[in-house]
Amino acid sequence: MDGPIESRVDHEVDNWLRWLPRWRPGTHRGRSRLCRQCFGSPIVAAAGLATDVPHAVQHALSMRMKLVIDASVDEYTDRNLPLLGRELRMTEERRAARSYRPSDGLEPEFKGLDLDPQPPPDAPYLFTFGELSQSENVNEPSLVPPPLTPEEKAAIRVELKLADDYAVLVGKRVCAELAGHRQRIERAIAEHVEPQVQALLADLDSSLDFR
Ligand SMILES: [Zn+2]
């Protein structure tokens with residue numbers, strides 16, 4: 001990802017607008033719990049998607065903005081926060097040592113959603129992708145780093161706070177930039193999402209009428 005945050009936001013909004021015509025109701029099954037990424041998100045609000053927009057549509061945009069923010073924070077960390085950078089690299093190496101990560105390589109639209117379909121009551125799964133993705137807790141003895149000293153821990157806490165502050169700053173810039181795209185986003189929702197939602201509601205109405 002190159003360029004200033006604003007041009008990255010523009011680029012990811014373009015990607016989302018290209019994806020939007022492919023959205024269909026029910027592409028993603030309903031969630032049993034609120035999405036931490038989208039619920040109450042200032043990014044979803046800044047894009048004008050907070051009300052009456054299906055979650056999958058909001059989610060696709062908020063995950064693309066998360067990509068922008070994460071990439072910027074990673075670069076900032078690499079440049080300015082050596083201790084935290086080292087900890088993150090070691091965590092990443094431990095992750096890479098695991099052979100199969102079901103959540104890797106997903107398109108942004110699918111990231112952060114539940115990995116498994118809802119299990120039918122009469123057909124138990126032998127394992128779930130969700131369980132598999134948690135198996136990172138199995139420690140490879142050779143990859144477990146020596147414990148940190150109290151001084152190192154304190155220094156990392158300071159760097160973590162700086163990284164958090166930077167993430168907030170980037171988040172604000174993303175929101176400001178998104179506000180400038182609201183008209184484009186609104187038009188796309190009106191063209192590609194609203195008619196499908198209306199058709200669904202009309203179907204529902206007529207099936208209720210015929211009962
Ligand atoms: Zn979401």
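Buried means under 20% relative accessible area, exposed means over 50%, and partly exposed lies in between. The exercises below apply this scale to a predicted model.

**Exercise 1. Classify Leu201 by its accessibility, and state which surface feature it belongs to.**

Solution. 
1. The relative accessibility of Leu201 is 44%, so this residue counts as partly exposed.
2. Leu201 is found in helix H7, which covers residues 182-209.
3. Together with Leu204 and Leu208, Leu201 forms a nonpolar patch on the surface. The accessible area of these three residues together is about 280 Å².

**Exercise 2. Classify Gln196 and list what it touches.**

Solution. 
1. Gln196 also has its place in helix H7.
2. With a relative accessibility of 18%, Gln196 is buried, because the cut-off is under 20%.
3. When residues up to four places away in sequence are not counted, Gln196 touches Trp23, Arg24 and Pro25.

**Exercise 3. Describe the overall make-up of the protein chain.**

Solution. 
1. The chain holds seven helices and zero strands. Read from the N terminus, the order of elements is therefore α-α-α-α-α-α-α.
2. Of the 211 residues, 31% are buried.
3. The accessible surface comes to about 13700 Å², and carbon and sulfur atoms account for 57% of this surface.
4. Among contacts between residues at least 6 apart in sequence, 80% join residues at least 24 apart.

**Exercise 4. Identify the protein donors of the zinc ion and determine the geometry of the site.**

Solution. 
1. The donors are Cys35 (SG), Cys38 (SG), His55 (NE2) and His59 (ND1), at 2.0 to 2.2 Å from the zinc ion.
2. Their spacing in sequence is C-x2-C-x16-H-x3-H.
3. The angles among the four donor atoms are 106 to 118 degrees. Four donors count as tetrahedral if all angles lie between 85 and 135 degrees, so the site of the zinc ion is tetrahedral.
4. For comparison, the ideal angle for four tetrahedral donors is 109.5 degrees.

**Exercise 5. Which parts of the chain does the salt bridge between Glu6 and Arg173 tie together?**

Solution. 
1. The side chains of Glu6 and Arg173 meet at 3.0 Å, N to O.
2. Glu6 lies in helix H1 (residues 5-19) and Arg173 in helix H6 (residues 150-179), so the pair links parts that are 167 residues apart in sequence.
3. Glu6 has a relative accessible area of 24% and is partly exposed. Arg173, at 35%, is also partly exposed.

Key
Residues are numbered from 1 along each chain as its sequence is written. This is a predicted model: local features need pLDDT of at least 70, side-chain atom pairs count only at pLDDT 80 or more; totals for chains, interfaces and linings use all residues. Side-chain values use heavy atoms; hydrogens and water are left out. Donors are N, O and S atoms within 2.8 Å of the metal (3.2 Å for Na, K and Ca); water is not among the atoms, so sites may look incomplete. Four donors count as tetrahedral if all angles lie between 85 and 135 degrees; four count as square planar and six as octahedral if opposite donors are over 155 degrees apart and all others between 65 and 115; anything else is irregular. Patches are made of residues with over 30% relative accessible area and no salt bridge: like charges are joined within 9 Å, nonpolar side chains (Val, Leu, Ile, Met, Phe, Trp, Tyr) within 5 Å. Accessible areas come from the Shrake-Rupley method with a 1.4 Å probe; for residues, only the protein chains shown count as cover. A salt bridge is a side-chain nitrogen of Lys or Arg within 4 Å of a carboxyl oxygen of Asp or Glu. Helices (H or I, at least four residues) and strands (E, at least two) are DSSP runs, numbered from the N terminus. Buried means under 20% relative accessible area, exposed over 50%, partly exposed in between (1.4 Å probe, protein chains only). Contact means heavy atoms within 4.5 Å.
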